[in-house]
Amino acid sequence: MRAIFHADREWGIGKSNDLMFSLPKDMKFFRETTKGKVVVMGLNTLKSFPNGKPLKNRINIVLSLHDVDEDVVIVHSLDELFEELKKYPADDVFVIGGASVYRTLIPYCTEVLVTKVDASGGADVFVPDLDEDENFCLSYESKAEEDNGYTIRFCTYRNLFPKEVL
């Protein structure tokens, strides 16, 4: 299992249940990386998508205490989620938010794909700073490039000690 997101300088990932930046290159990377794969999210992340609809061309799994009418797989607990994830290759599973889902599942991820934005986005939700986490090491960092007026870098963090999905 892997996680994917963009983060500002303070490891902020969102503001008012939305993205902080409009980054076409980052969105293209997200689409290409997750297309045909399994995406795991919380209910607020699902609601943040256009018209609250699941992402196309992906299996959408929502970790929530509440049921929804959308065409998604609902799981109500980590146990249910881990049981559901056994149906798919681990490398095909991407955690896509929000912050509490990231905090819960990043320890189980073998890799975390982070688009680092060299700006402060005024975030109100954050993820753990992987640069400060001794369980993670930066295994790849692209050259800096411009994306809609922002400097970004595509980074991959490897989890040295991922928790086992039971």
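**Entry 1: L55**

I began with L55, which I located in the loop between α2 (43-48) and β4 (59-63). I note that the model is a predicted one. Is L55 buried or exposed? I recorded L55 as buried, because its relative accessibility is 18% and the cut-off for buried is under 20%. I then listed the contacts of L55, leaving aside neighbours within four places in sequence, and found F30, V39, F49, N60 and I96. I also looked up the distance from L55 to D71, a residue 16 places away along the chain. The C-alpha atoms of L55 and D71 are separated by 9.8 Å.

**Entry 2: T33**

Which backbone atom lies 2.6 Å from a polar atom of the T33 side chain? I found that it is the backbone oxygen of F29. Not counting residues up to four places away in sequence, I found that T33 touches I4, F94 and L113.

**Entry 3: Cysteines**

I searched the whole structure for disulfides and found zero. I made the corresponding check for C137, whose closest cysteine sulfur is in C155. That separation is 12 Å, and therefore also too far for a bond. On accessibility, I recorded C109 as buried, with a relative accessible area of 0%. C137, by contrast, is partly exposed, with a relative accessible area of 24%.

**Entry 4: The chain as a whole**

I counted four helices and 11 strands in the chain. How does the radius of gyration stand against that of a compact globule? For 166 residues a compact globule would have a radius near 15 Å, and the chain has 15 Å, so I noted agreement. Along its principal axes the C-alpha trace spans about 40 × 35 × 25 Å. Of the 166 residues, I found that 45% count as buried. I then took the contacts between residues at least 6 apart in sequence; 63% of these join residues at least 24 apart. The accessible surface of the chain comes to about 9000 Å², and 48% of that surface belongs to carbon and sulfur atoms.

Definitions and conventions: Residues numbered from 1 in each chain as written. Predicted model: local features only at pLDDT ≥ 70, side-chain atom pairs only at ≥ 80, totals over all residues. Heavy atoms only, no water. Polar contact = N/O pair within 3.5 Å; in protein donor to acceptor, adjacent residues only side chain to side chain. Contact = heavy atoms within 4.5 Å. Disulfide = S-S within 2.5 Å. Buried < 20%, exposed > 50% of the residue type's maximum accessible area, 1.4 Å probe, protein only. Helix = DSSP H or I, 4+ residues; strand = E, 2+ residues; numbered from the N terminus. Rg over C-alpha atoms; globule rule 2.2 N^0.38 Å. Areas by Shrake-Rupley, 256 points an atom, 1.4 Å probe, with all protein chains shown as cover.
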